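I opened this entry to keep track of what I looked up in one chain. The model comes first, then my notes.

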Amino acid sequence: MLPPGAVIGIIGGGQLGRMLAIEARRLGYRTLVCDPDPHAPAAQVADAHLPGNLSDPAIMRDLAVRADVVTYEFENVSPSAVEAAEAVGRVYPSSAVLRVAQHRLREKEAVARLGFAVPPFRPVRSVRDLDDFGLPCVLKTAASGYDGRGQAVVQRAAELPEAITRLRSRCDLLIAEQLVDFALELSVICARDTHGNAVCFAPGENHHSGGILDLTVAPARISRDVAAHAGRIATGIANGLGVVGLLAVEMFLTHDGRILVNELAPRPHNSGHHTLDACAASQFEQLVRAICGLPLGAPDLYGPAAMANLLGDLWPPGGPPLFHRALEVPGVKLHLYGKTEARPGRKMGHLTAVADTPYHAAALALEARRRLIPERTDGLSGSRPGAHPAAGDA
Ligand code: AMP
């Protein structure tokens with residue numbers, strides 16, 4: 001066991017690293033964040049910052065020597081650099097897990113090999129590879145895609161050549177997946193320790209906008225059986241890959257009740273941010289516990305919760321959003337990531353609410369987010385409260 005006071009090295013300085021560093025500090029650990037930017041969200045709150053290129057094996061070795069255990073907060077890191085850290089220290093989850101999760105083809109093949117269902121898929125380098133593959137489909141770059149980037153939905157064969165050429169300029173290998181007509185998107189975050197004990201948070205239901213997570217509601221509005229099935233899938237994959245730390249598993253629930261695995265992330269996940277305010281042990285605390293050899297915490301929710309992302313699009317040109325108005329909504333909590341420059345699509349923060357029902361929690365978080373935007377004075381309305389389909393008839 002690594003006792004409080006030990007140093008946790010974090011590869012990457014984004015918001016996931018920031019929330020991890022804050023939780024680690026609360027538990028008495030020290031953090032060393034490796035990121036090129038000294039003002040990165042996690043570097044702002046860490047005990048120490050190690051500047052450097054995350055693909056540089058020498059930097060990774062330095063990080064592992066200076067830290068007692070190392071983890072990462074995003075997966076677009078070079079596995080060979082992570083191996084360099086592994087050669088001199090403890091890194092969780094391992095570079096072997098990272099190699100699988102950062103490559104969509106290896107990821108789908110690994111999940112299928114473990115016996116879990118995935119959408120029909122195929123590696124693609126040219127149009128010919130899709131001769132007998134049904135349309136519509138989603139084309140994705142095998143590596144370095146996130147938040148809907150590096151993806152194209154293709155409806156007709158005539159669209160394929162342009163889509164393939166465009167995506168192959170980002171990554172030589174593509175993967176085609178059947179476009180799933182899902183009823184709901186779910187995610188389960190599983191924490192697994194060095195002894196193989198695994199604990200899952202309740203499945204969250206995720207609503208995306210433009211390929212980026214917009215709203216998570218937890219627990220997902222699904223039956224007990226479906227929730228248990230989703231938990232078994234996440235645990236089975238975490239066990240099968242030998243994850244130590246966290247594994248987030250994104251899934252599609254089909255209209256006929258099947259669960260297809262979409263994506264894996266071996267790190268804290270945006271769809272688990274509500275656990276900071278709605279659970280005794282958040283996803284970030286579970287990660288600290290798992291990699292430091294502490295017992296895993298109870299994942300139970302205090303109550304139904306919702307999380308609404310705050311993207312840079314909400315930042316008006318003249319100044320910050322109206323945070324004071326959002327905070328007037330009872331029970332809503334604001335989390336900001338310390339990013340000074342707001343850009344469209346950039347994750348700047350999130351709002352969470354815990355309430356008596358998932359509908360109510362979603363309505364509170366969305367109402368708080370609506371209040372961030374100044375009312376228009378030209379008679380045209382912006383987004384209406386409760387207009388989000390996930391808020392239902394709260
Ligand atoms: P991903 O980066 O793979 O998580 O994809 C981002 C979002 O695109 C997902 O959350 C889904 O909303 C959508 N998406 C991705 N793959 C598929 C698919 N095979 N069928 C339908 N929608 C998809």
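**Glu205 and its partners**

I started with the side chain of Glu205, which makes a polar contact with the side chain of His207 at 2.7 Å. I take a polar contact as a pair of N or O atoms within 3.5 Å; within protein, one must be able to donate a hydrogen and the other to accept it, and residues adjacent in sequence count only if both atoms are side-chain atoms. The model is a predicted one, in which local features need pLDDT of at least 70, side-chain atom pairs count only at pLDDT 80 or more, and totals for chains, interfaces and linings use all residues. Residues are numbered from 1 along each chain as its sequence is written, and side-chain values use heavy atoms, with hydrogens and water left out.

Glu205 also has a polar contact of 2.7 Å with the side chain of Arg221. Helices (H or I, at least four residues) and strands (E, at least two) are DSSP runs, numbered from the N terminus.

Is Glu205 buried or exposed? Its relative accessible area is 2%, so I noted Glu205 as buried. His207, at 17% relative accessibility, counts as buried as well. The cut-offs are under 20% relative accessible area for buried and over 50% for exposed, with partly exposed in between (1.4 Å probe, protein chains only).

Which residues does Glu205 touch, leaving out those up to four places away in sequence? I listed Leu184, Glu185, Leu186, Leu215, Thr216, Val217, Ala220 and Arg221. Contact here means heavy atoms within 4.5 Å.

Gly9 is buried, with a relative accessible area of 0%. Not counting residues up to four places away in sequence, Gly9 touches Leu32, Leu63, Ala67, Val69, Val70 and Thr71. I also checked Gly9 against Ala21: they are 12 residues apart in sequence and 9.5 Å apart in space, C-alpha to C-alpha.

Strand β1 came up again at helix α3 (residues 79-88), being part of what covers the buried residues of α3, along with α2 (57-66) and α4 (95-101). Those buried residues are Pro79, Ala81, Val82, Ala84 and Ala85.

**Cis peptide bonds**

I looked up two prolines. The bond joining Leu135 and Pro136 is cis, with omega about 0°, and Pro136 lies in the loop between β5 (121-124) and β6 (137-141). The bond from Ala218 to Pro219 is also cis, omega near 0°. Pro219 lies in the loop between β12 (212-218) and α7 (224-241).

**Whole chain**

I counted 11 helices and 17 strands in the chain. The radius of gyration is 21 Å, close to the 21 Å that the globule rule gives for 394 residues, so the chain is as compact as a globular protein of that length. That radius is taken over C-alpha atoms, and the rule is 2.2 Å times the number of residues to the power 0.38. Along its principal axes the C-alpha trace spans about 60 × 55 × 45 Å.

Buried residues make up 55% of the 394. Of the contacts between residues at least 6 apart in sequence, 62% join residues at least 24 apart.
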